[in-house]
Amino acid sequence: MEWMIVETSVSTKQYVILQLGEESYGVDIQSVQGIEKIVTVARVPQAPACIEGVMNLRGEIIPVMNLRKRFSLKQKEHDEDTRIIITRIEDSQVGLIVDEVNEVIELDDEEIENVQIIDNNVDLEYIAGVGKIKDGTSVVTLLDLKTLIEDTLL
Amino acid sequence: MDTSQYMQMFIEESEDNLQRLNENLLELENSPGDLNILNEIFRIAHTLKGMAGTMGFTKMQKLTHNAENILSELRTGEIKVSTELIDILFNSLDALENYVDEIIRTGSEGHEDYTHLIESLNEILEGKGQEAETQDKAAAAKEPISTGEITLPEAQKNVVREAQRQALNVYQIHISLSPNCVLKSARAFIIFRELESIGEIIHAVPPVEDIEDEKFDLDFDLVVVTSHMEDEIKDILMGVAEVDTVNISRVSVEDKVIESVDAAAPAIEEIHQEPDQDEKPKTQSKIRPVASKTVRVDIDRLDALMNLVSELIIVKTQLEGIGASEAEDISYGESIEYLERVTTSLHDAVMKVRMVPVEIVFNRFPRMIRDVSRDLGKEINLIMSGEETELDRTVIDEIGDPLIHLLRNAADHGLETTEERLAIGKTREGTIELKAYQDGNNVVIEVTDDGKGIDIEKIKQSAIEKNVVSREIASKMSEKEILDLLFRPSFTTTKEITNVSGRGVGLDVVKSKITNLGGHIEVETKLGKGSNFIVRLPLTLAIIQALMVQLGDETYAIPLSNIQNIEDIKVSDIQYVQNQEVILLRNEVIPIIRLHEILGVERQEDKETLMVVIVQKGDKQVGFVIDDLIGQQEIVIKSLGKYLSGIKMIAGATILGNGEVALILDINTLI
């Protein structure tokens with residue numbers, strides 16, 4: 001019997017896992033700059049509805065998007081667990097308000113499935129895939145931040 | 001004495017003093033009899049001379065000294081102020097500026113003596129003035145460089161006379177280097193050093209700079225003042241390797257009346273041309289600038305920095321205390337918050353320190369316009385406003401040249417000649433307006449002239465002729481697009497090339513400079529009425545005075561420059577014109593805008609009186625209803641970033657003392 005040695009180049013990425021209601025989402029840690037506790041956000045008139053306003057992040061003014069509003073989920077009061085994930089896409093920062101930030105996980109390419117939900121009501125554009133975690137017992141929706149933010153704001 | 005530690009101070013103060021001399025001299029020209037101005041000029045010149053002397057810049061000191069002599073005669077009334085006199089004094093200032101520039105670049109004042117200027121100054125003292133001018137020009141034609149005996153410039157002749165009086169020897173030394181000599185300039189340098197140890201080199205042919213740059217063949221001539229004898233010098237020089245021959249002859253200068261070599265007019269040319277000379281950049285690149293960039297800082301701003309740093313120290317102490325006592329989490333959180341606030345403010349404060357008023361750039365323009373106006377024979381009135389507008393130091397440094405270009409353009413191409421103006425019923429004097437102001441996230445600088453305007457058809461034709469665009473495309477272009485052609489490389493509509501503008505450097509250079517700064521430039525024009533060049537410089541860190549107002553529970557900033565006044569009006573006084581709320585104020589009908597509605601703030605119940613901020617844009621006035629006034633504050637404008645830049649009525653945001661964000665209203669789009 002002949003053995004073949006196959007080089008498997010499994011690329012592993014780290015994802016920040018956040019919580020919105022019952023659902024978990026993952027965002028590529030490469031585009032996450034930091035996680036902040038909720039601060040006062042100044043409302044910006046005429047901004048898109050999901051934009052909660054702008055915040056002061058160490059002297060920088062950055063827009064803050066409420067992910068619950070973006071995904072048309074029911075609103076929830078900010079509490080102890082509410083966090084703002086500071087993301088950076090190219091040179092622009094955006095803060096994302098989420099219910100909770102849980103952990104950082106590693107996912108191999110193999111653990112990520114492409115989504116194939118054939119439903120016109122689900123906006124798939126900003127979903128990069130679905131990650132299987134905890135030995136495949138549970139899933140997280142991986143977000144394509146660039147598309148999510150730019151589609152909403154540009 | 002080691003003066004290097006004072007160098008920075010010397011440079012800054014000299015630049016300052018020269019600027020003030022320029023300003024005062026301009027004033028003196030306008031009111032020749034004003035003794036106060038004259039005294040001020042004298043005082044500044046004296047300071048300048050003293051400082052140059054202390055620093056060992058003797059050439060600079062000498063030139064200032066000569067100018068000072070004139071000033072002192074002016075004060076006593078011995079001489080009268082004349083345009084020629086002012087011209088020469090201005091030229092002297094230019095020369096002094098060149099010295100300072102040279103000092104900034106190389107740390108020494110260079111070798112230029114500005115003999116012509118000193119002579120012109122002395123001529124005025126001797127009451128010769130203009131009469132001498134004509135014959136001088138003829139004399140200037142035959143330049144002193146000769147192969148045999150050197151003709152010395154006048155200043156050197158004076159030195160020679162002085163030396164003879166002191167019984168010193170003056171020799172002309174002709175030195176030939178060996179043809180095998182590889183490092184000619186190094187040899188020359190050694191020769192200079194040797195000679196300087198025994199005497200003083202007062203003149204060189206070719207000039208010392210050229211010798212240092214190896215711009216000579218094998219021989220050069222030096223004139224040296226020394227107490228040593230011919231033979232001694234010869235021995236010393238022959239001791240230097242690779243020196244072939246040394247011929248020494250005695251120089252004597254007859255004590256006859258000053259024969260002037262040059263006069264004011266050629267001197268001007270020399271000064272103007274100087275920066276263009278091709279050997280200049282070379283020396284520049286070789287030598288590291290001695291002066292670093294500095295910013296003058298308002299002491300208040302430094303105090304603010306100091307206060308913030310002391311606050312930082314307090315936070316630090318607090319945090320240490322917490323660490324030691326393992327106290328409650330809350331106080332830890334509080335301290336961190338405090339720390340964040342302080343660091344934010346510190347950041348702002350440091351930003352503010354970098355800001356300088358455009359005044360620094362604008363200051364030199366009145367003088368420039370005066371010169372341009374005389375060159376062109378046009379009467380020009382320069383009106384400047386908004387000098388206090390602040391820009392980041394880096395922008396300030398870059399914006400000077402493009403503005404000079406725009407101003408010269410306006411004077412040269414924009415304004416008509418006096419005859420033309422009178423013929424078409426315009427005022428004799430052309431007006432150029434230069435204004436700077438803050439507009440949201442931008443600083444805008446406008447250069448406006450009331451001249452002939454730009455002929456759009458002419459540009460179109462010219463563009464077609466030059467194949468910049470095809471006839472077909474040109475016919476479809478809008479006016480604005482055609483005007484934009486002006487900023488294409490090497491596009492110029494005037495055929496004549498004048499001294500003032502149009503030396504091959506076009507508006508394209510202006511545009512690229514401004515684009516590099518992240519700004520943009522546009523032009524508006526009305527044929528026969530004039531043109532307006534608008535330069536917009538974007539600012540992420542501009543600072544403005546603003547009025548902070550309360551709307552519901554939100555805070556907004558309104559730029560103070562837009563605000564006319566604040567009124568309390570009775571609700572019952574509000575009237576309606578076509579369904580629009582208006583009030584009558586001092587006989588003017590002013591529309592009322594409910595900011596609550598526009599900004600989507602929950603409207604509070606109408607009280608009996610409303611607080612209204614009257615803002616102005618152009619000749620339009622509008623009243624904004626607000627809930628409460630917080631007060632006036634200096635704020636740092638920050639951009640909302642690319643994602644929210646589409647929101648027109650918000651010009652940006654600022655961070656308040658408590659770390660929260662307040663939005664800045666863009667009055668221009670709200671009215």
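Reader: How do you know that the axes of helix H16 and helix H17 of chain B cross, and at what angle?

Author: The axes of H16 (residues 365-376) and H17 (residues 393-414) of chain B come within 10 Å and cross at roughly 35 degrees. An axis here is a line fitted to C-alpha atoms, for helices over the stretch in contact, and angles run from 0 to 180 degrees between N-to-C directions. Helices (H or I, at least four residues) and strands (E, at least two) are DSSP runs, numbered from the N terminus. The model is predicted, so that local features need pLDDT of at least 70 and side-chain atom pairs count only at pLDDT 80 or more, while totals for chains, interfaces and linings use all residues. Residues are numbered from 1 along each chain as its sequence is written, and chains are lettered from A and ligands numbered from 1 in the order in which they are written.

Reader: Why is the crossing of H16(B) and H17(B) called right-handed?

Author: A crossing is right-handed if the near helix is turned clockwise from the far one by less than a right angle, and left-handed if anticlockwise. The crossing of H16(B) and H17(B) is of the right-handed kind. On the H16(B) side, the residues that make the contact include B:Phe365, B:Met368 and B:Ile369, and on the H17(B) side they include B:Ile404, B:Leu407 and B:Arg408.

Reader: What makes residues of that contact of H16(B) with H17(B) nonpolar, polar or charged?

Author: Ala, Val, Leu, Ile, Met, Phe, Trp, Tyr, Cys and Pro count as nonpolar, Asp, Glu, Lys and Arg as charged, and the others, Gly among them, as polar. By this rule the contact divides into 8 nonpolar, 1 polar and 2 charged residues.

Reader: Why is B:Ile202 called buried?

Author: A residue is buried if 20 or more other C-beta atoms lie within 10 Å of its own, exposed if 12 or fewer, and partly exposed in between, with C-beta atoms placed from the backbone. B:Ile202 has 21 C-beta neighbours inside 10 Å and therefore counts as buried. Of the 671 residues of chain B, 31% count as buried. B:Ile202 lies in strand S2 (residues 199-205) of chain B.

Reader: Which residues is B:Ile202 in contact with, leaving aside its neighbours within four places in sequence?

Author: They are B:Gln156, B:Val159, B:Val223 and B:Val225. Two residues are in contact if their C-beta atoms, placed from the backbone, lie within 7 Å. Among contacts in chain B between residues at least 6 apart in sequence, 70% join residues at least 24 apart.

Reader: What makes A:Val54 and B:Ile558 stand out in the largest nonpolar core?

Author: A nonpolar core is a set of buried Ala, Val, Leu, Ile, Met, Phe, Trp, Tyr and Cys residues joined through C-beta atoms within 7 Å. The largest has 72 residues, and of these A:Val54 and B:Ile558 touch the most other members. Beyond its neighbours within four places in sequence, B:Ile558 is in contact with residues including B:Ala546, B:Leu547 and B:Ile667. A second, separate core of 58 residues includes B:Leu38 and B:Ala155.

Reader: How many residues of chain A are in contact with chain B?

Author: In chain A, 19 residues are in contact with 23 residues of chain B. Strands S4, S5 and S7 of chain A each give two or more residues to this side of chain A. That side divides into 12 nonpolar, 5 polar and 2 charged residues.

Reader: Why are strand S3 and strand S4 of chain A called edge strands?

Author: They belong to an open sheet of 5 strands in the order S3-S6-S7-S5-S4 (chain A), with mixed pairing. Strand S3 (32-37) and strand S4 (51-57) of chain A each pair on one side only. The twist averages 30 degrees from one strand to the next.

Reader: Why is S6(A) called mostly covered?

Author: Of the 7 residues of S6(A), 5 are buried. Strand S6 (residues 83-89) of chain A also pairs with S3(A) in the antiparallel sense over 5 bridges. There A:Glu36 stands opposite A:Ile84, and A:Val32 has A:Thr87 as its bridge partner.

Notes
Pairing = 2+ DSSP bridges.
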